[in-house]
Amino acid sequence: MNFETSSHSKRWLFTPEELASVREERHQRVAQALAKVQGEAQAQQPEAPQSNGQPAKKGKKLRPPSLADEAVLLKYYKGRVQEMCRAFGFPAKVQAAAITFLARFYLRHSPLEHDVKNIMLACLYLAGKVEEAYIGAEEMCKRLQQQEETLLNLEPQVLQGLGFDLITYSPHSALAGFFMDLRAMKEAQHDSSSAALQDITEQQIGDAKKAARAAADALMLTDAPLLFPPGQLALAAMRSGFNKVKANFTGVLAEIARKAGAASAAQAPREDICGTLKAAISSIDAFGAEGSQAVSAEEARKVDRRVKACQGLIAKATVDKPVKQQQTQVQSELNGASTTEPPSKRLKLDDI
Amino acid sequence: MEHYEKGEKLGQGQFGVVIKARHIETGQIVAIKKIHLGNAKEGINMTALREIKLLREIDNPFIVRLLDVFPHKRNLSLVYEYMDSDLECLIRDRATIISPADVKSYMQMVLQSLLACKQHWVLHRDIKPSNFLISMQGGMKLTDFGLARMFGSPESGRYTHQVFTRWYRPPELLFGSTCYGPACDMWAAGCIFAELLLRRAWFPGDTDLDQLGKIFQALGTPSQDSWPGCACLPQYVEFQTTTAPPLRNTFRQASEDALALLALMVALDPGRRISVEDALAHPYFRADPKPTLPEQLPKPPVRAHNPLNQSFKGGSVLQAAPAVHSEDAGPAGDLNGKALHLEPASAAVNGDGVPNQKRLKIENGDYSSIASLSEGEELHEKIRPGNLSGDLQKQVSADELKALQEIGFEAGSTRHIISHGDQRLKKRKLNFDEHDHG
């Protein structure tokens with residue numbers, strides 16, 4: 001597959017503004033649906049205790065988690081995906097695919113609709129299948145002590161949430177490619193006098209590579225993969241790796257730009273390519289810094305409690321009333337009008 | 001589903017039904033494959049998933065288009081463009097005359113489909129006449145990507161040899177190879193070429209062994225010269241030596257250049273089998289008679305009870321390939337990846353289909369194509385002298401980086417690596433084995 005013609009490039013790279021508006025729109029939709037449910041609940045039983053058992057103070061409303069809160073939760077679970085992939089010995093492409101699936105899914109859906117943990121498991125399972133590094137659902141769930149059924153039932157919804165676009169491109173593969181190129185460049189320069197790359201030792205390259213892979217892992221935890229193509233993410237990770245071992249990256253970047261310029265049909269001048277890349281790398285670096293800061297389980301739990309409370313309220317609203325009618329109504333408000341799922345299935349999932 | 005008006009049932013398959021339908025708004029006639037999700041233990045069927053995954057990315061006039069996918073009740077519905085007939089119906093239909101110019105036109109389209117697959121780094125692995133759909137306008141498209149997979153990434157592990165319907169399965173797969181490339185599809189295309197000329201299957205084997213017997217009877221048994229290293233393949237069986245009779249004995253009417261191309265397409269040694277690019281550039285296609293224009297091709301007989309594609313009869317593929325879902329499991333390792341580079345590598349590096357310019361267009365970030373190739377670097381680290389048998393060691397470590405960067409591989413090295421690949425894999429104990437359900 002070529003990246004230029006891929007669904008990844010055509011449908012899943014955004015500008016920061018697009019990304020913000022997609023999320024804001026989704027967040028509003030869910031917040032409104034939640035407010036409506038709450039309003040109805042209070043109108044029905046003004047003095048009754050809330051679902052958590054504490055007396056409801058008049059006017060106190062359950063505040064849905066903000067987008068920033070959701071981001072914390074998602075980042076936490078993306079980190080968990082990486083841990084699990086390491087435990088299972090999955091290759092990087094599975095990790096990257098699973099995280100990408102998770103990030104894409106929650107562009108369209110809210111954590112209030114689908115529990116992040118379960119979706120994460122479904123994404124990981126799907127990524128294993130898609131990347132042909134298959135692990136059986138039974139075995140995976142046994143090792144993670146999870147219910148197989150939950151995971152398998154969610155699969156169609158995850159697929160739909162992803163728009164059935166399943167091929168993803170990871171910075172890790174691109175990174176391996178750049179290091180491959182680097183070695184070739186070094187060899188090619190061996191005899192010539194332009195020895196810009198000769199100061200870098202083999203040891204340094206090895207260490208830089210390790211550090212760069214860690215940097216790519218960190219980038220995967222952020223929004224960067226939704227904003228930048230994998231090649232640029234890889235270059236940023238590579239520079240980060242070089243900085244770590246205190247090796248000069250400028251020469252390497254210039255070489256890569258030169259090769260790109262030589263091969264590009266447009267014959268763009270080398271300075272331009274270099275400049276574009278440098279600019280991209282700088283913006284990606286900010287994400288790298290963000291990605292390397294881990295979310296603690298405590299932080300995640302805090303958000304998760306709020307999410308669960310909202311989920312509980314929604315579930316309660318749907319259970320309290322004549323089931324079929326209400327449920328469809330609430331669910332379709334949550335999901336927009338697009339849902340084609342049978343109501344019974346939805347309820348089961350959201351009840352968790 | 002509300003967007004479609006249901007029509008007749010086209011077929012019943014293992015995973016569900018195929019129906020004809022009409023898109024209400026646009027009036028477009030489509031075929032809908034309903035895949036029943038049921039209570040399958042492993043969730044969505046791998047075959048369906050592969051088909052969705054690959055067809056969502058490929059937009060090519062020679063590949064059937066997947067127009068839409070949606071869940072409906074307990075089904076996943078796959079919507080395809082509707083095609084009236086297929087190449088198998090055409091070949092079997094005694095009333096249809098297929099002229100040499102028509103054969104040329106069909107073969108050109110078959111090869112165009114193969115080229116599209118290769119350019120997208122896909123091995124189809126179920127090339128056969130019934131998977132080439134034909135429209136009344138004469139267009140032909142390849143369908144059924146349920147056995148297809150991506151190739152070229154060193155991470156992707158061992159491939160199963162249980163693919164292709166037996167009659168079209170290449171000899172390296174019959175011998176159990178798990179490291180193969182686009183040449184496998186070329187073999188099957190060669191079989192189709194022969195079938196168009198003969199109007200019957202060339203190698204209708206009853207068992208895998210009989211299949212090999214029929215192949216060697218026509219093409220001669222492989223020798224160290226004609227196919228170096230074939231004896232090292234996991235399921236190699238020695239046959240009593242026979243030499244190939246001239247193809248002319250079988251194909252009496254065919255032109256010289258047709259037989260020349262056919263011979264190249266069915267070279268026993270996958271390393272010597274013609275590439276799809278070279279096949280399309282073969283003099284056969286430029287010589288007279290010129291290929292018939294698609295709209296002037298014979299009108300295909302409309303299938304009476306034939307489903308969208310053959311595998312949905314619940315038949316041949318699945319019987320021929322029982323182990324498909326459990327294979328292809330864990331990345332069996334880097335060494336394997338190395339071996340896989342052969343064909344992929346030349347494709348990636350010299351850009352037949354994946355030109356350098358694309359590969360290096362960094363502003364668009366397409367490093368993935370080289371990346372898949374270049375992860376060979378990691379292999380390089382692991383494949384150190386001592387791990388390997390002598391031959392291979394030389395092949396891999398000495399020229400590795402250069403070879404990968406240069407235009408194409410030497411045919412010689414290709415053969416060696418292929419032939420040794422399986423042995424090495426067997427020897428290696430990889431930490432991924434526990435996930436490897438193959």
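**Exercise 1. Determine where the position that UniProt lists as "active site" lies in chain B, and whether it is buried or exposed.**

Solution. The unreviewed UniProt entry places the feature "active site" at B:Asp126; such annotations may be inferred rather than shown by experiment. This is a predicted model, in which local features need pLDDT of at least 70, side-chain atom pairs count only at pLDDT 80 or more, and totals for chains, interfaces and linings use all residues. Residues are numbered from 1 along each chain as its sequence is written, chains are lettered from A in the order in which they are written, and side-chain values use heavy atoms, with hydrogens and water left out.

Step 1. B:Asp126 is found in the loop between strand E7 (122-123) and strand E8 (132-134) of chain B. Strands are DSSP runs of E with at least two residues, and helices are runs of H or I with at least four, numbered from the N terminus.

Step 2. B:Asp126 counts as buried because its relative accessibility is 1%. Buried means under 20% relative accessible area, exposed over 50%, and partly exposed in between (1.4 Å probe, protein chains only).

**Exercise 2. Compare B:Gln12 and B:Lys34, two residues that UniProt lists under "binding site".**

Solution. Step 1. The unreviewed entry includes both B:Gln12 and B:Lys34 in this feature.

Step 2. B:Gln12 belongs to strand E1 (residues 4-12) of chain B, while B:Lys34 belongs to strand E3 (residues 29-36) of chain B.

Step 3. B:Gln12, at 43% relative accessibility, is partly exposed, whereas B:Lys34 is buried, at 11%.

Step 4. B:Lys34 is also among the residues that B:Leu76 touches, as are A:Leu159 and A:Phe164. Here, contact means heavy atoms within 4.5 Å.

**Exercise 3. Describe the crossing of H5(B) and H8(B), and name residues that make the contact.**

Solution. Step 1. Two packed helices are described by the angle between their axes and the distance between the axes.

Step 2. The axes of helix H5 (residues 183-198) and helix H8 (residues 256-265), both of chain B, come within 8 Å and cross at roughly 145°. Axes are lines fitted to C-alpha atoms over the stretch in contact, and angles run from 0 to 180 degrees between N-to-C directions.

Step 3. The contact involves residues including B:Trp187 and B:Phe193 of H5(B), and B:Leu261 and B:Met265 of H8(B).

Step 4. The crossing is left-handed: the near helix is turned anticlockwise from the far one by less than a right angle.

Notes
Lists of a residue's contacts leave out its neighbours within four places in sequence.
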